[in-house]
Amino acid sequence: MKHGTGSFLWADGSSFKGSFFENKIEGKGKYHWSNGRKYSGEWSNNKMHGVGVYKWPDGKVYEGSFAVGEKEGYGEMISEGKRYSGNWKKNVPHGEGRVVLATGKEMFGEWIEGRRVRWRRPSKPLQNPHL
């Protein structure tokens with residue numbers, strides 16, 4: 001039984017180094033998938049849960065909150081020179097957010113279930129203090 005701090009290597013080449021509790025990943029740790037994805041952060045019951053950083057092999061990075069294995073709450077995604085900072089729900093942008101393009105242009109908007117529904121004027125204050 002895995003319990004306490006340690007590391008584990010799966011048959012597919014994926015690995016974890018961090019905390020276990022009663023045979024489950026629990027607490028803080030780093031997981032490396034065999035396909036090159038990486039996550040470093042908090043875990044609960046074998047799922048990403050809390051704050052962490054998720055990296056893809058193509059350079060995309062998400063840093064923020066997770067709940068039961070999904071992006072949930074406030075987080076920032078950097079992909080192809082573009083940065084989205086804002087609220088997430090079930091792995092997609094949901095609520096208020098800010099986009100900064102590679103050119104430096106900054107835009108504020110609102111998303112519902114991953115789809116942008118409108119742009120907002122930058123002078124209008126957003127409800128999330130992180131933005």
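This is a predicted model: local features need pLDDT of at least 70, side-chain atom pairs count only at pLDDT 80 or more; totals for chains, interfaces and linings use all residues.
Residues are numbered from 1 along each chain as its sequence is written, and side-chain values use heavy atoms, with hydrogens and water left out.

**Exercise 1. The overall build**

Work out how many helices and strands the protein chain has.

Solution. Start with the terms: helices (H or I, at least four residues) and strands (E, at least two) are DSSP runs, numbered from the N terminus. Counting them in the protein chain gives 0 helices and 11 strands. Next, look at the extent: the C-alpha trace spans about 55 × 25 × 20 Å along its principal axes. Finally, 30% of the 131 residues count as buried, where buried means under 20% relative accessible area, exposed over 50% and partly exposed in between (1.4 Å probe, protein chains only).

**Exercise 2. From β1 to β2**

Find out in which sense strands β1 and β2 pair.

Solution. Two strands pair if DSSP finds at least two bridges between them. Strand β1 (residues 4-9) and strand β2 (residues 15-21) have 6 bridges and are antiparallel. For a landmark, find L9, which stands opposite S15 in β2.

**Exercise 3. From β2 to β3**

Determine how many residues lie between β2 and β3 in their hairpin.

Solution. First check the pairing: β2 and strand β3 (residues 24-32) run antiparallel, joined by 6 bridges. Within this pair, G18 stands opposite G29 in β3. Now for the turn: the hairpin has 2 residues between its strands, and E22 there has a positive phi of about 45 degrees.

**Exercise 4. The setting of V92**

Decide whether V92 is buried, partly exposed or exposed.

Solution. Begin by placing V92, which is in strand β9 (residues 92-100). V92 counts as partly exposed because its relative accessibility is 30%. Then list its partners: apart from neighbours within four places in sequence, V92 is in contact (heavy atoms within 4.5 Å) with N87, E113 and G114.
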